[in-house]
Amino acid sequence: MSACKSVPLIRPVMAPEPQFVVVQEGIDFLRGLEGPLYVVSVVGAMRQGKSFVLGLLAGGPGIFRLGHQTKSCTEGVDVFARPHPSGRGHLVFLDVEGQGSTDRNDTYDAALTTVAMLLSSMVVYNCLSVGKSDDVDKLELLSGFMQNIFDRTSEEHGEREAAGSDRFCPALMWLLRDFFLEMVDANGRPCDADTYLEEVLLAPVSGASRVAKDKNRKLNDIKQVLQKRCLRTLPRPVDDENFRQLEIDGLDGPGVRPEFRQQVTGIIQEILETVPRKRFDGGELTGAALAELAGHLTLTLKDGVPEVASAWHQVCLAQTRMALQRASESFKQSLRMAQDSIEASGRQKRHTALKPPMSSHVLKQTLQDATAAARSAYFATAFQTDEEQARCLNDSLAHAAAEAHRDNEEVARSFCRDLLHALYAPVESSVDGKRYICGGGYSQYMQDAEGVQHEYAECCQDTLVPEHVVTEIGEVLAQHRKHSQDFARQR
Ligand SMILES: Nc1nc2c(ncn2[C@@H]2O[C@H](COP(=O)(O)OP(=O)(O)OP(=O)(O)O)[C@@H](O)[C@H]2O)c(=O)[nH]1
Ligand SMILES: [Mg+2]
């Protein structure tokens, strides 16, 4: 991927049918992102400057494709990311196809917007408007998308899901573009945007008529589902129609109205400071998990509504596989480090190139530490662990520990044999060369043989090899002692 261009993440299979596929390029891109992730998407009607404002947020012109014709420009969902200013994790930006295109339908729009919302930790709902009651209705559509998910979940899993649960819902920034009016509250006093949102746009309607009750129920749904919400406005960016120049020059261009520059900078700052970490049902998503989630959400779409519970179940399973993998890597790394430190301190290096084994008590401690580190690595990665998965983790760690025991014994065996042969080689060569067949040869032989045993004991003193390996090696020693008897007979 080019460093400064978005990549496709989701594409329609056969519009206007609400069927989508994830694009490998986008999936690979997401998988490469370290968490925590802070995911911002912009949704709303087509051709209203969504990609433009997301590009400003993402940090530069040219990141997202913009269009200048009446025809819809962004297709499906595109993704871009950059490191989070804190130095940990990434900001991820999702540019979503606009709603209301003539060659799409409502189910298509609902499906795509719902998937984008579920992938985001903050959704910017973009409206080229002054905030009318129509816009509140459209906002109700967004909360309705989330409500549909809960309904489908409870239908298919019998789970009663509290609407408004922040298990899945992103924070909302409702962004009114080309806004030029002064906001006033219900009493006609000037007020800020959030007061305007709560006390005017989302204010309950008085009266007991069915229409009023209906309206209030919808407003309630919005408030329950979109619990974290705010309203922000932006003035028109340029006085004339020269948007193309604006897109080339970015915010520093000469045609940009200072009030737009100032306000958009403030909003960008606010979004970057307040966008929450992307969580889903309690799990904090990494790039790999977000990629997995995108894939399963699009796969489970039915009538424009994804099946969140089963999509999330699949993500958790994939995450558990990754957690097991990380636990195993961590275990191996702990062993390697313990092994390296023994090797570094070994005086045995003088005699053998083989790595020394661990003593029983060092091995026991190492395995305890390695198991603890592996368990931490597992639980830092897995989202949920049921009894069976916990058993699987314990089995795999027990298996790894047993393997480490076996490996260590093998290492001990090879190491001791190698060491003994290396130490005995000069004595053996003297025996073969009959150099001990001379006056005082026998006592010289005994002295050399003892020296070998002494050196062997000294080299092995850090390793404390297992008992049965010592016995095995003792047999080798006994064979060497036979040399001494043969030698004595020849004398
Ligand atoms: N009036 C107005 N137009 C804008 C603003 N920002 C961008 N535009 C122009 O709106 C047109 C559409 O911009 P895009 O960013 O591609 O719009 P979009 O909402 O992403 O469009 P789709 O992807 O087709 O849904 C371009 O010609 C932009 O220059 C704005 O704040 N106000
Ligand atoms: Mg666009």
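**Figure 1. Packing of helices α1 and α9.** In this predicted model, α1 and α9 are roughly antiparallel to each other, a term applied to angles over 145 degrees. The two helices pack at an angle of about 150°, with their axes 7 Å apart; axes are lines fitted to C-alpha atoms over the stretch in contact, and angles run from 0 to 180 degrees between N-to-C directions. I27, L30 and R31 of α1 meet G287, A288, L290, A291 and G295 of α9, contact being defined as C-beta atoms, placed from the backbone, within 7 Å. The contact comprises 5 nonpolar, 2 polar and 1 charged residues; Ala, Val, Leu, Ile, Met, Phe, Trp, Tyr, Cys and Pro count as nonpolar, Asp, Glu, Lys and Arg as charged, and the others, Gly among them, as polar. Helices (H or I, at least four residues) and strands (E, at least two) are DSSP runs, numbered from the N terminus. Residues are numbered from 1 along each chain as its sequence is written, and chains are lettered from A and ligands numbered from 1 in the order in which they are written. As the model is predicted, local features need pLDDT of at least 70 and side-chain atom pairs count only at pLDDT 80 or more, whereas totals for chains, interfaces and linings use all residues.

**Figure 2. Helix α2 and ligand 1.** Because 9 of the 9 residues of α2 are buried, this helix is largely enclosed by the rest of the structure. Ligand 1 is surrounded by 21 residues, of which G49, S51, T74, G98 and F243 are the closest; a residue is near the ligand if its C-beta atom, placed from the backbone, lies within 6 Å. The largest share of this shell, 3 residues, comes from α2.

Figure 3. D178, in the loop between β7 (171-177) and α5 (193-201), has a positive phi of about 55° although it is not a glycine. K434, in the loop between α12 (387-432) and α13 (441-460), likewise has a positive phi of about 55°.

Definitions and conventions:
Parallel < 35°, antiparallel > 145°, perpendicular 65-115°, else oblique. Contact = placed C-beta atoms within 7 Å. Buried ≥ 20, exposed ≤ 12 C-beta atoms within 10 Å, placed from the backbone.
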